[in-house]
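Walk through this model one region at a time. Keep the sequence and the 3D view side by side.

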Amino acid sequence: MLRVAVVGSGPSGVYAAQTLVQQREVPGVRVDVLDRLPAPYGLVRYGVAPDHEKIKSLTGSLRAVLEDERIRFLGNVEVGGPSLTTARLLELYHAVVYCVGAARDRLLGIPGEELAGVHSATAFVAWYSGHPDAAAFDLRGVRSAVVVGAGNVAVDVTRILARGAPELTATDMPHPALGVLAGSGLRTVSMVARRGPSQGRFTTKELRELGTLPGVAVRVDPAELALDPTYRDPDAAAALPAVARRNLEVLRGWAETDGEEAAEKPDRTIALRFQLRPAMVLGGTDGRVVGMRFERTAQDGAGGVTGTGVYEDVPAELVLRSVGYQGVPLPGLPFDAARGTIPHAAGRVLRAGRASVGEYVAGWIKRGPTGVIGTNRPCAKETASSLLQDAGALARRELPGDPLDALRAAGLRPVEWPGWLAIEVAEADLGRSLGRRSVKIPDWSGLLGAAGSPSPPTP
Ligand code: NAP
């Protein structure tokens, strides 16, 4: 038998586990999928926006993998802490695949970033997704918000901020977060990109969805769009990637209907702004954010932008920076601080340039925080096939016994699959009691309590 630990139960971890057990070349592979949280699915549960039900439904296929009899889910197990070091983990298993993602947000590095009311989109997403480590947001007094960045996360948080109570109530968002968002007096969300409209990192489907929100007008300034040469010149646009061309057409459509939408007296407005780079966060006398100063940029013709020395202030009582994630070093493992990833060759962890025996990576910690969920499938496959090539040598080592016993002996209290199923039942019960669909339990004691004392499934 080849015993493998996969650390992280998000898409990359689950796809790695799936590839390892479903292949035919190496029989007898058994995989434990470990997660720090009592709940599986990583960013599918704690990152995919609650109103994106279709993407969320991916949990169905991830669940089928974790229910495979050759795979065990062990939640509430933190790797890299004092109870379970990475070195100890490698003693317990023939091989370990790290699929720990990229947990930290990136800073803007501008004055005023520390002011009250400035947060990372990561923290905001974690809160409305019910992550048990997330701090609560308070939107009292917030009339305007600025979201910095033009990726799909920026679009997600812009959309969630702009959505009305009925749409949010229909999600599995934790009840306290729902109360804060649905009750907020927010009127304007400005999503601000430092580059041009053809250079946004968002995908067209996500961009277009902003125009479908009930009671929300999307405003774009045609003059600002025209700062991008590809917006003005069809020949230049023809050379763009298809996604950029489609994005431009969606934005052009909004630019043309701008006046009409404004006349409909929308409840809230999304302003999509371009060619403005963050210069500083503006604070009031109470130390809270009151706005952001941006510098107008011009395209440099090589994909980048330069400053023009012209500044614009945008009022905001809430600023969310959504400028990408970065990986966090795991004690005991090498780390490339510049890239925020663990160095590897085809998924084999590299220590001082040489492949480390039995240690592998997949997902964002391997390739950086890019790509959609499906990108993790080929990424995990590459890693799994490296591991399987090494299997003969790895399996020669005798293991001390069932790793689960060793984890318990180390004082850990793993939540196994029935514990997770009990959390699901408790969340469905909570939703029913609130007159909603299944609603997430957002705190550690609630999750662990539910996992430890499973209530019988309700028919
Ligand atoms: P991202 O796609 O890398 O976008 C980051 C954005 O931040 C870019 O617009 C970037 O602008 C901007 N930025 C970086 N540094 C900045 C600075 N100092 N000042 C101003 N702007 C700055 O990252 P993400 O939005 O966090 O998404 C991560 C990954 O998850 C992506 O692959 C994304 O597609 C995926 N995702 C997908 C979905 C979905 O499919 N629905 C949802 C969420 C996330 P520049 O381009 O100018 O650098």
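This is a predicted model. Start at strand E16, residues 344-345, and strand E17, residues 348-351: the two pair in the antiparallel sense over two bridges. Across that pairing, His344 stands opposite Val349 in E17. Two residues sit between the strands of this hairpin, and Ala346 takes a positive phi near 50 degrees.

Now follow E17 onward. Three bridges join E17 to strand E18, residues 354-361, and the two run antiparallel. Here Arg348 stands opposite Tyr360 in E18. E17 and E18 also form a hairpin, with two residues between them. In that turn, Ala352 has a positive phi of about 50 degrees.

An open sheet of three strands has the order E11-E12-E13, and its pairing is antiparallel. Its edge strands are E11 (276-283) and E13 (305-315), each of which pairs on one side only. On average, neighbouring strands of this sheet are turned by 25 degrees against each other, direction ignored. Take the pairing of E11 with E12 (residues 289-299): seven bridges join these antiparallel strands. Within it, Leu282 stands opposite Gly291 in E12. In general, strands of a sheet pair through backbone hydrogen bonds, either parallel or antiparallel.

Turn to the interior. Is helix H7 (residues 152-162) largely enclosed or open? Nine of its eleven residues are buried, so H7 is largely enclosed by the rest of the structure. The buried residues of H7 include Ala154, Val155, Asp156, Val157 and Thr158. Arg159, Ile160, Leu161 and Ala162 are buried in H7 as well.

Leu161 leads on to the largest nonpolar core, where it is among the residues with the most contacts. That core has 49 residues. Phe124, Tyr128, Leu181, Trp254 and Leu272 share this top group with Leu161. Apart from this core lies another, of 45 residues, among them Val21, Cys99, Val415 and Ala450.

Conventions. Residues are numbered from 1 along each chain as its sequence is written. This is a predicted model: local features need pLDDT of at least 70, side-chain atom pairs count only at pLDDT 80 or more; totals for chains, interfaces and linings use all residues. Side-chain values use heavy atoms; hydrogens and water are left out. Buried means under 20% relative accessible area, exposed over 50%, partly exposed in between (1.4 Å probe, protein chains only). Helices (H or I, at least four residues) and strands (E, at least two) are DSSP runs, numbered from the N terminus. Two strands pair if DSSP finds at least two bridges between them. Axes are lines fitted to C-alpha atoms, for helices over the stretch in contact, and angles run from 0 to 180 degrees between N-to-C directions. A nonpolar core is a set of buried Ala, Val, Leu, Ile, Met, Phe, Trp, Tyr and Cys residues joined through side-chain atoms within 4.5 Å.
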